[in-house]
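Colleague: I have a model open and would like to learn how to read its features. Could you take me through them, please?

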Amino acid sequence: MTDKKSRCAVMLATLLMLSVGSSASATSACDRPCLKSVLDGYLRAVMQHDPTAAPLAPSYRHTENAINIPLGKGVWQSVTALGQVQRRYLDPVSGQAAYYGIVAEGAQLAIVTARLRIEDRTVTEAEWYIAREADPGLPGASPPSSWNPQGLTATPPPERVLPKAQRLPRATMIAIVNSYFDGITSHDGTVVRAHPGCNRYENGTRVTGRRGGVNDDCVSGLTNFNLANVAGRRVAFVDDEAGVVLGMAVFIRRAGATLPRNAFSEWFWIEDGKIRNIWTAMYYPGPERPVPNWPPFDGNFPLPVFTTAP
C-alpha cells in the first residue's frame, strides 16, 4: 500500500512539474501578434532615440552593416521616421521578426532590413542592413550602391496573407532559396527553382528585365557571373503566411576581380513552389571588414586574399 501511495505521489509530482513547465513555456512563447508588438515597440523606440523605451534584453547585441554599435548610437540617433514602404515579417518558429523598407534619417532616406531575435518577449539581437545614397559600391554605377527609394516605392513587395492550402512546408521554402545560392555558386541557372521572368530589386533598383525581359531574369547570366562563392550563407527566417524567406550571405568575387564583395539581405517571394521576385537591402564592405559578424560566423569569418582588390 505504501509503494502504491509512493508511486501515486511521484506521478502527481511529475504531472505538476509538466503543468508548470507547460505554463512557463506558454508564457515565454511569442506568437505572430506578440512578435509584431515587440517589433513595433522596438521601431518606435528607435525613432524616439530612446533604447530604454524598447524591450531590450540584457544580452542585446546590435550591428549595422556588420559593425557592432554601442547602445544608443547609430540608427538610435539617426532614424527619425519610417518611410513609404514598410513591410513586417514574422517567424514564430525561430522567434524572429523583421522590418524591410524605407526609413528617414532627417531629410535623407535609407533602405533597410532590420532582423530581430526575440526571446521571452525581449529583443536579444538586432542586425541592420542599411543602404544609403553616398555608400560605396560598384565602380561606375550611379549611385554606386543602387540606392533607389523611389524605385522601391514604385515596386514594393506586395502585402499578402496566403491561404493555408497554398503555404509550403518550412523546409521546402528554405530549400527553394538555397537552390538560388547553389545556382550562383555553380554558375548554372537551371539549378534554381524560379519562375521565368523573376525580378531582382537591389536597394530599390530593378536589375533584371533591362533587355525587355527576354532571357534576362533573376537566374540569367550566371555562367559568366563574376563570383567565386556565396559565403556565410544563412537561410533561417521564414514567414509562411506571407510566403517570404529571408536569406543572408556574402558574394565573394573571383580571384583577381577588382569589384568589391557585397553583403546582402534578400527577401524571396515564393509562389507555387518557385521564386517569383527578390528584394534586397545590401552593402559593399571594405576588404578589411569581417562579415557577416553573426553566428555561426561571428567576427572570425575568414577573409580570403582575393576579397581584397589588387
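Modeller: Gladly! Of the chain's 310 residues, 48% count as buried, where buried means under 20% relative accessible area, exposed over 50%, and partly exposed in between (1.4 Å probe, protein chains only). This is a predicted model, in which local features need pLDDT of at least 70 and side-chain atom pairs count only at pLDDT 80 or more, while totals for chains, interfaces and linings use all residues. Residues are numbered from 1 along each chain as its sequence is written, and side-chain values use heavy atoms, with hydrogens and water left out.

Colleague: How many helices and strands does the chain have?

Modeller: Five helices and 12 strands. Helices (H or I, at least four residues) and strands (E, at least two) are DSSP runs, numbered from the N terminus.

Colleague: What share of the contacts join residues at least 24 apart?

Modeller: A contact means heavy atoms within 4.5 Å. Taking contacts between residues at least 6 apart in sequence, 61% join residues at least 24 apart.

Colleague: Now the disulfides. Which cysteines are joined to each other?

Modeller: A disulfide is a covalent bond between the sulfur atoms of two cysteines; the criterion here is a pair of cysteine sulfur atoms within 2.5 Å. The structure holds two. One joins Cys30 to Cys34, with 1.8 Å from S to S, and the other joins Cys198 and Cys218, whose sulfur atoms are 1.9 Å apart.

Colleague: Why is the disulfide of Cys30 and Cys34 called left-handed?

Modeller: The torsion about its S-S bond is about -90 degrees, so the Cys30 and Cys34 disulfide is left-handed. Cys30 is buried at 12% relative accessible area, and Cys34 is buried at 11%.

Colleague: And what parts does the link of Cys198 and Cys218 tie together?

Modeller: That link is left-handed, with -90 degrees about the S-S bond. Cys198 sits in strand β7 (residues 194-202) and Cys218 in the loop between β8 (205-206) and β9 (229-239), so the pair ties together parts 20 residues apart in sequence. Cys198 is buried at 1% relative accessibility, and Cys218 at 6%.

Colleague: Let's turn to a helix. How does the span of α5 agree with its number of residues?

Modeller: The expected span of a helix is 1.5 Å times one less than its number of residues. Helix α5 (residues 170-186) has 17 residues and should span 24 Å; its end C-alpha atoms are 24 Å apart, which agrees. Just after α5, His187 takes a positive phi of about 55 degrees.

Colleague: Which residues of α5 are buried, and what covers them?

Modeller: Among them are Met173, Ile176, Val177, Tyr180, Phe181 and Ile184. The cover includes β7, β9, β10 (244-252), β11 (262-271) and β12 (274-283).

Colleague: How should I read the open sheet of six strands?

Modeller: Strands of a sheet pair through backbone hydrogen bonds, either parallel or antiparallel. Two strands count as paired if DSSP finds at least two bridges between them. The order in this open sheet is β2-β1-β6-β5-β4-β3, with mixed pairing. Its edge strands, β2 (67-68) and β3 (81-91), each pair on one side only. Strands β4 (residues 96-105) and β5 (residues 108-119) run antiparallel and are joined by 10 bridges; Gln96 has Arg117 in β5 as its bridge partner.

Colleague: Which strands does helix α2 lie across?

Modeller: Helix α2 (residues 32-47) lies across β1 (56-64), β3, β4, β5 and β6 (122-131), at about 150 degrees to β3. For such angles, axes are lines fitted to C-alpha atoms, for helices over the stretch in contact, and angles run from 0 to 180 degrees between N-to-C directions.
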